[in-house]
Amino acid sequence: MAKPTDIIKKKRAEAVSRIIGKGYLSSKRVYVGMATCEIAAGSKEVMEVFKNAVTKGGLTDVYLSQKGCAGRCNLEPTVEVIEVGKNPVRYGKINPEKAQQIIDKHLKKGEVIKEWVID
Amino acid sequence: MSKEYIITICDGTGCIQKSNAAIRKALEQQLNDHNLTNDVRVNLSGCLGMCDKGPIVVINPGYTVYGNVTTGDIPEIVEEHIVKGKPLARLAIQEDHLYNRFFRIFGDAKFFGKQMRIALRNCGIIDPENIDDYLSLRGYEALAKVLTDMTPKQVIEEVKLSGLRGRGGAGFPTGVKWQLTARAGSLNSPRAASDEKYVICNADEGDPGAFMDRSAIEGDPHTVLEGMIIGGYAIGAKQGIVYIRAEYPLAVRRLEKAIADAREHGFLGKNILGSDFSFDIDIRLGAGAFVCGEETALIRSIEGGRGMPRPRPPYPSVEGLFGKPTLINNVETWANIPVVILDSGKWFSTVGTERSKGTKVFALAGKVVNTGLIEVPMGTTLREIIYDIGGGIPDNKEFKAVQTGGPSGGCLPAKYLDTPVDYESLAKAGSIMGSGGMIVIDQDSCMVDIAKFFLEFTQNESCGKCTPCREGTRRMLEILTKIAEGKGEMYDIENLERLGNMIKKASLCGLGQSAPNPVLSTILNFREEYEEHVKDKKCRAGVCKKLLTYEITDKCVGCGACKKVCPVAAITGTVKAKHVIDRNKCIKCGACFSKCKFNAIIKK
């Protein structure tokens, strides 16, 4: 009988491969805050813009995920763009229009929109 | 060199002692020599929890951690890692701790610099609705470890060793509580001679302005579940219950999904992970009564009764849900458990102060630039939280007080800003740790009004079972209202103190015992404001409406805007001439004050 520690190792490996299967190793990962507070600030609409871009807008090589609250209440909704080998970029107070610009400039052309970056 | 680097030097107490200042100086010197100051940012961070390997230097991107760094190593680090882009294997340490994962993403932001995340370690990093995300970050490994290598006794010993104390506010040692519950039901305690036991997670978060539990569950529900399953194993329970308020629909939904996913993976249900241990978790929704956060009232509510507390002892650890021994802990306490197991209780006990170990989550709100959810090591001062993390008071206003512990806590004035946050220090200063509400108050707030606000809340939420709380809080509120309306006498202040102390001593449960705290602490620290309200009939912050008068000054150009907006026609005057407010008619709504474009109306 396999030990619980062995079972969990196997489960983790499976979980990682499932995440990779969903495109985790894309060159960019985008996280949108989706806790109650973020949703109240409008993150659902922001998520919608990113989802549309991935499904219909021809945005490829991007892994899109929701996330919980990181604690930046006054700057919500927040969006993070993580690129392998680069420092993560965190955007604050994003609305659907800004989300579209992040897609057009940052995700497609690699230009970070500095004025929305939060510290 | 093609990219920007961020170098973080740990600025925790351990590393400071190991001369991290010299390292910083050497680093800045080297960067200067290589002409790299524009491409590399040097940051300081709060304790990174690797004190035994300090001084610690972290280089991002890539999250390379260097340990035991000396000033002599700095030229090599800069030359190899920064200039040539090759991390230095000789000094790099591999760490796979559970805590502080956020640091890889957030570590370079000032807001997160002084924070340390144990309970919230995955919040804002993973997708809370995807169990795979949790599993990939060593999720449920603590449970597997416990089931494979540890006896229930060893688990309890580990929790005791960690020094973890209840995060719901009272700060009872968690390990001791576990031990008491584990022992109950044996021959030592014939009253509850049953092997049936329960585990409860108290997620009935009711303090105004507090959202720690909601965020923790919405951001990372599995860690709470894992903690509860481990708790169940340690005390020998088969059933766990999460009592959560119905006002948190998203948290409830994510918890439901997490429980379903955990069952599917065999983390809940019969023979967990192939072991002999079986355990399941259900959710009970609370109807939003504040008193149900009190453990005996919560248990009564789960049983289907009206949420009212009962006298203790017997404590729930001996006689709890359905009369059986019950282990009840707060959300944050449970979230700490997997870290205690995997990163070890010994490590956990190195974080924090002598008697308060680990970290505490706070909901930072009120008059502060960066409102937010934060987690800091115990012993961080209020000043560090409010100014370094919170960014200070907006609009250059003056700090007046900080309220901790919600309606059960107190207001601490500026002289307590250097108080370290731990159970004993906050109690000594006249407030409490509480569950983690922290409201910053500036000069625009009236302390009498703040006290009144919290007392109105507790008075409303008093369940009515015991007289001191039911009647006492109502009388106190009447006196406070009298003072706020300018009808107070000096003896009213003494009466508030007498009544408050009596309610504290005579009430049945924590709600009543702590309800007078906001009033008593504001009288203690801001007595002069109470006296002004009584003697001079004045509210210095301009909040208590009945004590305000509005006046039109000579700046008035006679535009008539105030006259139009006044709902009771208290303002008279002809066009282009100075207008006048009739004080007898004025209801002090402030509409004219906000309408006037010429700052001609003042409130006194």
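**Entry 1: helices α8(B) and α9(B)**

I looked up which residues of α8(B) meet α9(B) and found Pro152(B), Ile156(B), Val159(B) and Lys160(B) on the α8(B) side, against Thr174(B), Gly175(B), Val176(B), Trp178(B), Gln179(B) and Ala182(B) in α9(B). Contact here requires C-beta atoms, placed from the backbone, within 7 Å. Helices are DSSP runs of H or I with at least four residues, strands are runs of E with at least two, and both are numbered from the N terminus. By class, I noted six nonpolar, three polar and one charged residue in the contact of α8(B) with α9(B). Nonpolar covers Ala, Val, Leu, Ile, Met, Phe, Trp, Tyr, Cys and Pro, charged covers Asp, Glu, Lys and Arg, and the others, Gly among them, are polar.

The model is predicted: local features need pLDDT of at least 70 and side-chain atom pairs count only at pLDDT 80 or more, while totals for chains, interfaces and linings use all residues. Residues are numbered from 1 along each chain as its sequence is written, and chains are lettered from A and ligands numbered from 1 in the order in which they are written.

I then looked up the geometry of this pair. Helix α8 (residues 152-162) and helix α9 (residues 174-183) of chain B pack at about 155°, with axes 7 Å apart. Axes are lines fitted to C-alpha atoms, for helices over the stretch in contact, and angles run from 0 to 180 degrees between N-to-C directions. α8(B) passes α9(B) in a left-handed crossing, meaning that the near helix is turned anticlockwise from the far one by less than a right angle; clockwise would be right-handed.

**Entry 2: chain B against chain A**

I found 42 residues of chain B in contact with 33 residues of chain A. Elements giving two or more residues to the chain B side include α6 (131-136), α7 (141-149) and β10 (372-377). The largest share, five residues, comes from α7(B). By class, the chain B side has 18 nonpolar, 12 polar and 12 charged residues.

I followed α7(B) to its partner. The axes of α1 (residues 4-21) of chain A and α7(B) come within 7 Å and cross at roughly 160°, so α1(A) is roughly antiparallel to α7(B). The contact joins Pro4(A), Thr5(A), Ile7(A) and Ile8(A) to Glu141(B), Ala144(B), Lys145(B), Leu147(B) and Thr148(B).

**Entry 3: chain A**

I recorded four helices and four strands in chain A, in the order α-β-α-α-β-β-β-α from the N terminus. The C-alpha trace spans about 55 × 30 × 25 Å along its principal axes.

**Entry 4: Leu480(B)**

I located Leu480(B) in helix α19 (residues 467-484) of chain B. Is Leu480(B) buried or exposed? Leu480(B) is buried because 25 other C-beta atoms lie within 10 Å; buried takes 20 or more, exposed 12 or fewer, and partly exposed lies in between, with C-beta atoms placed from the backbone. Neighbours within four places in sequence aside, Leu480(B) is in contact with Val448(B), Ala451(B), Lys452(B), Leu455(B) and Val519(B).

Notes:
Contact = placed C-beta atoms within 7 Å. Parallel < 35°, antiparallel > 145°, perpendicular 65-115°, else oblique.
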